[in-house]
Amino acid sequence: MEMPSPNPAILARKGRLAERLLAVLPADAVIQDEAETRAYECDALTAYKCPPLMVVLPRSTQEVSEVLRICHEEGVPVVPRGAGTSLAGGALPTADCVILGVARMNEVLETDLENRIIRVQTGRTNLSVSGAVEEEEFFYAPDPSSQLACAIAGNIAMNSGGAHCLKYGVTTNNLLGATMVMMDGTVVEIGGAHLDAGGLDLLGVICGSEGQLGVVTEATLRILRKPEGARPVLIGFDSNEVAGACVSGIIKAGVLPVAIEFMDRPCIKACEAFAKAGYPMCEALLIIEVEGSESEIGHQLGLITEIARSHNPVELREAGDTDEAARIWLGRKSAFGAMGQINDYMCLDGTIPVSSLPFVLRRIGEMSKEFGLDVANVFHAGDGNMHPLILFDANKPGDLETCEAFGAEILKLCVEAGGCLTGEHGVGIEKRDLMLHQYTEADLEAQLKVKDVFDPKWLLNPAKVFPLSVTASRRTLKLAAE
Amino acid sequence: MGALPPNPQNVWTKKKMMTPGSEAELAEAVAGASGPFSIQGGGTRGLAVEGEVLSSRGLSGVELYEPGALTLVVKAGTPVAEVEALLAAQKQRLAFEPMDHRGLLGTDGEPTIGGVIAANVSGPRRIQAGAARDHLLGVRFVDGSGQVVKNGGRVMKNVTGYDLVKLMCGAHGTLGVLTEVSLKVLPRAEASATVTVTGVDLPGAVRMMSAALGSPYDVTGAAYDAGTYQAHVRVEGFQDSAAYRSAKLVELLSPFGLAEVQEDAGDLWQGIRDVSAFHERAGDVWRISVKPSDAADLAPRLEAEALQFDWGGGLIWALVPEGTDLRARINVPGHATLVRAAQGTRARLGVFQPQPGPLAAISAGLRCQFDPRGILNPGLMG
């Protein structure tokens with residue numbers, strides 16, 4: 001993966017930059033020692049590492065503003081960082097950048113149950129947002145797998161989803177307002193506690209912009225009252241096609257489950273070995289969860305099992321109580337851990353139209369043989385967001401490269417099937433060079449024009465999202481201007 | 001309808017109109033013209049500006065509809081009625097419940113799906129299902145230099161690159177002319193039940209709607225009519241489920257007033273959606289978006305002739321004497337849109353609320369990038 005070479009002029013100015021940053025931040029908020037900056041050399045895409053020039057850990061919007069103003073004046077690139085859980089390399093540094101970590105900004109600023117909102121500093125973790133309103137029976141809906149660790153700042157940057165977004169939407173559908181610091185230090189307030197921010201939908205374009213348009217320091221989020229109850233059903237099939245047809249049948253029947261999770265045989269096998277959840281050995285397994293009162297749950301599960309039975313399932317297991325519900329979820333929730341036990345793996349994130357599911361799974365199976373690497377599939381079937389896990393051996397020379405080439409082919413397949421490169425992880429560096437498979441240069445140019453408005457000097461996370469060749473003139477313009 | 005102000009839409013539609021028959025023709029027309037253009041779908045939403053009318057009505061038809069994937073791809077000039085009929089045949093719908101502006105504005109013509117999206121038009125269900133922008137999966141549009149651009153796609157989860165889909169929704173054609181939109185559709189509920197609470201004043205109604213929206217009963221509408229002192233709370237779903245939840249809501253809401261269930265209140269919600277209470281009345285109409293709990297204190301300050309509250313109090317429709325600058329009376333965060341007024345008032349006060357400096361600069365920057373010649377609905381949004 002190519003990254004731009006560091007600008008020697010910036011490296012030479014490290015001392016002056018540190019001095020200026022220390023004038024506006026407490027001493028413990030500026031990290032410049034090489035041994036300590038190494039802790040920030042990568043995010044959860046650990047195959048790529050590069051210690052940054054410096055790390056700053058501000059505690060307030062005001063401090064973030066000071067940092068950005070100084071970096072803007074000095075012409076130093078800034079890579080914003082939430083909790084560093086990106087699987088796409090969204091927070092990967094360059095040697096000449098300042099990492100701006102928001103982890104110390106984790107306060108709840110306002111909880112307003114009457115208006116069903118919470119306002120937080122964005123360094124707060126996803127799960128602890130729900131935690132802050134849990135006693136009052138409320139929750140924050142987007143639930144990425146990394147929710148214990150990941151920060152709201154990163155959720156906003158990547159427009160994170162989760163298992164329950166079929167019903168509740170992703171981050172952008174639950175974000176009502178933001179305090180954002182622009183690269184030149186200007187602080188802007190967008191939206192608030194009212195449902196629709198006025199003017200152009202700037203909140204919509206900031207969410208998912210991967211830290212390239214500004215640094216969101218505070219967010220107003222929509223919270224919801226918890227449903228009365230929830231219960232899953234587990235259904236096994238002897239082919240992916242039939243499982244796919246069952247999903248489509250359920251949706252057509254007017255049932256809208258909160259989650260429809262799909263696992264294929266390799267994934268079932270690995271999860272079973274790891275978590276011993278008692279899953280049946282079959283080709284495809286669905287976990288479908290519905291919500292409501294006891295009688296509402298019963299009615300919806302009745303409709304779902306009726307449709308499932310018409311597809312001759314090899315297994316159909318309704319959770320009778322909370323213990324059984326937990327056992328049904330146990331395997332799925334440990335899928336990634338299970339894979340990590342047996343192999344190194346790369347987790348992909350393409351989305352496909354639900355109707356293409358059988359075709360895409362069959363092609364992935366064929367490609368697995370061609371590349372000589374195993375794949376396990378686990379994904380959110382209701383919305384077509386796939387997570388193929390390609391297994392490889394990091395210690396075997398060439399295996400990572402083969403894995404990456406295989407992954408790229410799977411993502412191209414998703415695009416050909418009418419889908420997209422990434423459903424919830426973001427582009428980062430990982431899918432950057434595939435962007436021209438989904439979009440034309442003119443399509444990308446329209447996106448670059450947005451960045452030109454928010455960050456004319458192209459200093460915020462500049463080497464991400466777009467192929468380097470496409471952004472080269474803009475990034476070098478910045479260097480030439482100095 | 002004699003009492004209504006002259007409809008500005010009709011003033012401009014007498015002028016020249018261009019109706020390209022394809023996206024390529026539209027792109028060519030924009031590239032070759034010097035403008036300015038007044039972008040129009042069905043011309044029912046009263047947002048015309050001075051200039052040659054550029055109509056999307058020549059771009060009509062369904063590109064793809066997969067009920068099992070909840071996905072619809074449709075050309076921008078397709079009539080909303082056609083889309084709704086197509087979905088209804090599969091027991092599905094546009095869950096954001098777009099308002100029909102014709103009755104309120106005295107316009108005629110066929111509303112188009114492109115117009116709904118360009119103006120981000122949503123109805124009472126917005127509080128639960130989201131706005132139009134939350135159901136928009138992808139767009140194709142022609143920017144101000146005549147370049148065709150696509151963004152997003154047809155799948156429900158997509159974070160590939162910047163979300164220009166949201167940016168285009170609610171841009172009112174100022175960043176580009178929509179040619180095609182992809183939408184997430186949802187199952188139509190089997191049943192609907194409305195709990196009506198009678199004899200409740202505004203502060204009580206806002207607290208009551210807040211209690212309903214903060215309950216686990218999945219409320220899809222919460223509105224208050226200040227004229228009749230009635231608040232309405234809607235639930236939807238399977239028959240038994242709607243009955244169960246409406247009964248629970250009657251229990252929950254009875255302390256606020258006399259609470260009763262209405263089984264089929266479709267006309268009531270359509271009236272709330274389209275603000276039918278103001279249809280035959282003269283005066284300017286404003287649409288105000290605020291934090292729901294601010295509604296009760298704000299309402300008397302508006303000195304309005306009539307008020308309607310939707311979204312649990314967060315959406316206020318106000319009928320005021322012609323020429324009133326309502327924004328000057330609003331002292332809480334939010335914004336106000338001038339939906340119906342004479343041309344002079346619209347020109348003087350602006351349809352959309354002016355934004356604070358830094359946001360206005362970003363918006364102006366975006367307009368300049370996407371429409372460098374300033375020919376797409378110039379002046380409409382700032």
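User: What makes β5 and β9 of chain B count as a pair of strands?

Analyst: Two strands pair if DSSP finds at least two bridges between them. β5 (residues 71–75) and β9 (residues 177–184) of chain B have five bridges, in the antiparallel sense, so they pass that cut-off. T71(B), for one, stands opposite K184(B) in β9(B). The element names are DSSP runs numbered from the N terminus: H or I over at least four residues for helices, E over at least two for strands. Bear in mind that this is a predicted model, where local features need pLDDT of at least 70, side-chain atom pairs count only at pLDDT 80 or more, and totals for chains, interfaces and linings use all residues. Residues are numbered from 1 along each chain as its sequence is written, while chains are lettered from A and ligands numbered from 1 in the order in which they are written.

User: Which strands of chain B form the open sheet, and in what order?

Analyst: There are five strands, ordered β4-β5-β9-β7-β8 in chain B, with antiparallel pairing. β4 (62–66) and β8 (148–152) of chain B are the edges, since each pairs on one side only. The twist averages 10° from one strand to the next. Helix α2 (residues 23–32) of chain B packs on the sheet, touching β7 (136–142), β8 and β9 of chain B, and its direction makes about 50° with that of β7(B). That angle is between N-to-C directions, on a scale from 0 to 180 degrees; the axes are lines fitted to C-alpha atoms, for helices over the stretch in contact.

User: Why does Q40(B) count as buried?

Analyst: Buried means 20 or more other C-beta atoms within 10 Å of the residue's own (exposed is 12 or fewer, partly exposed in between, with C-beta atoms placed from the backbone). Q40(B) has 30 C-beta neighbours inside 10 Å, so it counts as buried.

User: Where does Q40(B) sit, and what is Q40(B) in contact with?

Analyst: Q40(B) is in strand β2 (residues 37–40) of chain B. Contact means C-beta atoms, placed from the backbone, within 7 Å. Leaving out neighbours within four places in sequence, Q40(B) has contacts with A48(B), V53(B), L54(B) and S55(B).

User: Which way do the residues of β2(B) point?

Analyst: F37(B) and I39(B) go one way, S38(B) and Q40(B) the other, and all are buried. In general, side chains of a regular strand alternate between the two faces of the sheet.

User: How do you know chain B is as compact as a globular protein of that length?

Analyst: Chain B comes to 14 helices and 18 strands. The globule rule is 2.2 Å times the number of residues to the power 0.38, and the radius of gyration is taken over C-alpha atoms. For 382 residues the rule gives 21 Å and chain B has a radius of gyration of 21 Å, so it is as compact as a globular protein of that length. Buried residues make up 57% of chain B, and its C-alpha trace spans about 65 × 50 × 40 Å along the principal axes.

User: How do you know that the span of helix α10 of chain B agrees with what it should be?

Analyst: The expected span is 1.5 Å times one less than the number of residues. For the 15 residues of α10 (residues 239–253) of chain B that should be 21 Å, and the end C-alpha atoms are 21 Å apart, so it agrees. What covers its buried residues includes α11 of chain A, along with β11 (191–198), α9 (202–213), β13 (230–237) and β14 (258–262) of chain B.

User: How many residues does the contact take from each chain, A and B?

Analyst: It takes 74 residues from chain A and 68 residues from chain B. α17(A) gives the largest share of chain A's side, nine residues. That side divides into 29 nonpolar, 31 polar and 14 charged. Here Ala, Val, Leu, Ile, Met, Phe, Trp, Tyr, Cys and Pro are nonpolar, Asp, Glu, Lys and Arg charged, and the others, Gly among them, polar.

Definitions and conventions:
Contact = placed C-beta atoms within 7 Å.
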